[in-house]
Amino acid sequence: MSLMTTYYLSEKEKDVLEGILKEGSISKAAKRLGISDSTAAMRLRRLKDRYAKAKDFIEAVDYYKRKMPGRYM
């Protein structure tokens, strides 16, 4: 994992998520957004992958935070 990784939702990822919430499925959301199902699925997959990495990072930091003297964390 790169030290420069940032965690955020892109506008296109937000659009897919909002579309799924409004339309009820990824294919309907894709149609509404004017993109293919595979493009919508790829955006969702990238989001899920970044989420997993961010979660792993937070859990690793929390592990050390619990063990470190308070003045360091």
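This is a predicted model: local features need pLDDT of at least 70, side-chain atom pairs count only at pLDDT 80 or more; totals for chains, interfaces and linings use all residues.
Which helix does isoleucine 26 lie in?

**View 1. Isoleucine 26 and its contacts.** Isoleucine 26 belongs to helix H2, which covers residues 26-33. Its relative accessible area is 28%, so isoleucine 26 counts as partly exposed. Setting aside neighbours within four places in sequence, isoleucine 26 is in contact with Ile20, Ala40, Ala41 and Leu44.

**View 2. Arginine 43, a buried charge without a salt bridge.** Here we turn to helix H3, residues 37-67, where arginine 43 is found. Arginine 43 is buried, yet no salt bridge is formed by this residue. Which side chain of opposite charge is nearest to arginine 43? That is aspartate 15, at 6.0 Å. If residues up to four places away in sequence are not counted, arginine 43 touches Lys12, Glu13, Val16 and Ile35.

**View 3. A nonpolar surface patch and tyrosine 72.** The patch shown here has an area of about 900 Å². Tyr7, Phe57, Ile58, Val61, Tyr63, Tyr64, Met68, Tyr72 and Met73 make up this nonpolar patch. One of its members, tyrosine 72, sits in the segment after H3. Is tyrosine 72 buried or exposed? Tyrosine 72 counts as exposed because its relative accessibility is 52%, and the cut-off for exposed is over 50%.

How values were computed:
Residues are numbered from 1 along each chain as its sequence is written. Side-chain values use heavy atoms; hydrogens and water are left out. Helices (H or I, at least four residues) and strands (E, at least two) are DSSP runs, numbered from the N terminus. Buried means under 20% relative accessible area, exposed over 50%, partly exposed in between (1.4 Å probe, protein chains only). Lys and Arg count as positive and Asp and Glu as negative; His and the chain ends are not counted. A salt bridge is a side-chain nitrogen of Lys or Arg within 4 Å of a carboxyl oxygen of Asp or Glu. Contact means heavy atoms within 4.5 Å. Patches are made of residues with over 30% relative accessible area and no salt bridge: like charges are joined within 9 Å, nonpolar side chains (Val, Leu, Ile, Met, Phe, Trp, Tyr) within 5 Å. Accessible areas come from the Shrake-Rupley method with a 1.4 Å probe; for residues, only the protein chains shown count as cover.
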